[in-house]
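Please keep the sequence and the 3D view open while reading.

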Amino acid sequence: MRFTKMQGAGNDFVVLDETQGLWGLSPAQYRFLADRHFGVGADQILSVRPAPAEGIDFEYVIHNADGGEVEQCGNGARCFARYVHDRGLTDKKVIRVKTLSGVIAPELAADGRVRVDMGRPELRPERVPFDTAGLKARSEGQAQLWPLALDGGASTQWVMPVSMGNPHAVLWVDDVATAPVATLGPQIEQHPRFPQRVNAGFLQRVGRGEVRLRVYERGAGETLACGTGACAAVVAGIRQGLLDTQVQVHTRGGLLSIAWSGGDDDSVFMTGPATFVFDGQIELPEAP
């Protein structure tokens with residue numbers, strides 16, 4: 001199998017061209033590709049597939065490092081757009097792409113970055129989904145924060161559930177450098193209140209237009225950047241009245257620019273890098 005390695009703000013991907021035919025990989029084979037010791041190494045595997053309908057240019061399929069298919073990946077969307085353009089699969093600057101959660105429209109900018117219309121955020125808990133049964137929310141600005149029992153009920157974190165096509169739980173911290181991402185991240189990801197699991201975002205405000213963010217991703221662990229996590233974090237901050245409509249998000253892998261005007265039907269726009277790393281060829285193990 002031939003593949004391409006790409007990264008967006010340190011969030012790294014194996015990209016597979018399936019426009020001429022599907023590989024039909026098993027979850028175990030996706031895990032092998034993502035394995036940093038025995039395979040290529042990646043946070044997610046991105047598959048480029050033919051247009052599934054009129055008015056759509058490509059289908060974009062995402063598998064996490066644990067082999068499970070997921071709805072959306074913002075950093076991956078930028079790499080996807082850069083890949084199909086640079087490989088001559090399209091000459092369009094704005095590309096309409098079908099994902100599991102809907103259609104997105106990455107746009108290649110003149111400065112080499114990629115801007116993506118990530119769609120409107122979903123803030124209704126039941127649509128994230130997040131189980132609020134028996135809980136009482138705390139209002140902050142236009143946002144509702146919910147108590148999440150952790151450490152076997154010994155501690156509580158207040159989180160804001162947001163969906164960007166995939167589920168996120170955003171919580172504020174004083175300093176992301178010392179935030180307990182490694183211990184709280186897995187607990188939040190697997191919390192029974194999130195029936196489809198969740199991406200846990202640890203957010204620090206630097207100013208009204210600047211934040212720092214670390215994300216423990218569902219099925220991948222902590223990554224150097226998470227595009228949908230950056231979108232969800234900024235949405236949470238804007239709804240709470242703590243952030244302006246354009247925010248620079250510092251991740252451990254690089255800088256992402258997020259813009260949202262704050263309306264329920266308004267899209268979130270993300271701009272950031274998409275970088276080719278190398279091409280390669282690998283022999284896959286037989287599917288189990």
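## The second largest cavity

The model shown here is a predicted one. The lining of its second largest cavity divides into 5 nonpolar, 2 polar and 3 charged residues, and the cavity itself has a volume of about 50 Å³. The residues that line it are L213, R214, V215, E222, T223, L224, A225, C226, T251 and R252. Two strands, β14 (210-217) and β15 (221-223), each supply at least two residues of this lining, and β14 gives the most, with 3 residues.

## The largest cavity and N166

In total, the structure holds 3 cavities of 30 Å³ or more, and the largest of them has a volume of about 60 Å³. Its lining consists of Q44, N64, V70, Q72, C73, N166, N199, E217, R218 and T228, which divide into 2 nonpolar, 6 polar and 2 charged residues.

One of these lining residues, N166, lies in the loop between β11 (155-163) and β12 (167-172). Is N166 buried or exposed? Its relative accessibility is 4%, and because buried means under 20%, N166 counts as buried. When residues up to four places away in sequence are not counted, N166 touches E71, Q72, N199, R218 and T228. The C-alpha atoms of N166 and V128 are separated by 7.4 Å, although these two residues are 38 residues apart along the chain.

## The largest pocket

A pocket is a further kind of space to look for, and the largest pocket in this model has a volume of about 230 Å³. It is lined by 13 residues, and among them S101, M118, R120, M164 and G165 lie nearest its centre. Strand β7 (residues 102-108) gives the most to this lining, with 3 residues. By type, the lining of the largest pocket divides into 4 nonpolar, 6 polar and 3 charged residues.

In soluble globular proteins, nonpolar side chains tend to be buried together. In this model the largest nonpolar core has 53 residues, and those with the most contacts inside it are Y60, V249 and I258. Helix α4 (residues 227-239) provides the largest share of this core, with 8 residues.

Which residues does V249 touch, not counting residues up to four places away in sequence? Its partners are V211, L213, A230, V234, G254, L255, L256 and I258. One of these partners, L213, is also among the residues that line the second largest cavity, while I258 is itself named with Y60 and V249 for having the most contacts inside the largest core.

## Strand β1 and its neighbours

Strand β1 (residues 2-8) is largely enclosed by the rest of the structure, because 5 of its 7 residues are buried. On one hand, β1 pairs with strand β19 (residues 275-281) in the antiparallel sense over 6 bridges, and within this pairing the bridge partner of T4 is D279.

On the other hand, β1 also pairs with strand β2 (residues 11-17), again in the antiparallel sense, over 5 bridges, and here the bridge partner of M6 is F13. The hairpin of β1 and β2 has 2 residues between the strands, and in this hairpin A9 takes a positive phi near 55°.

Key:
Residues numbered from 1 in each chain as written. Predicted model: local features only at pLDDT ≥ 70, side-chain atom pairs only at ≥ 80, totals over all residues. Heavy atoms only, no water. Core = buried A, V, L, I, M, F, W, Y, C linked by side-chain atoms within 4.5 Å. Buried < 20%, exposed > 50% of the residue type's maximum accessible area, 1.4 Å probe, protein only. Helix = DSSP H or I, 4+ residues; strand = E, 2+ residues; numbered from the N terminus. Contact = heavy atoms within 4.5 Å. 1 Å grid on protein atoms, 1.4 Å probe; cavity = no way out; pocket = protein on both sides within 12 Å on 5 of 7 lines; lining within 4 Å. Points joined across faces, edges and corners; volume = space filled by probe spheres on them. Nonpolar A, V, L, I, M, F, W, Y, C, P; charged D, E, K, R; others polar. Pairing = 2+ DSSP bridges.
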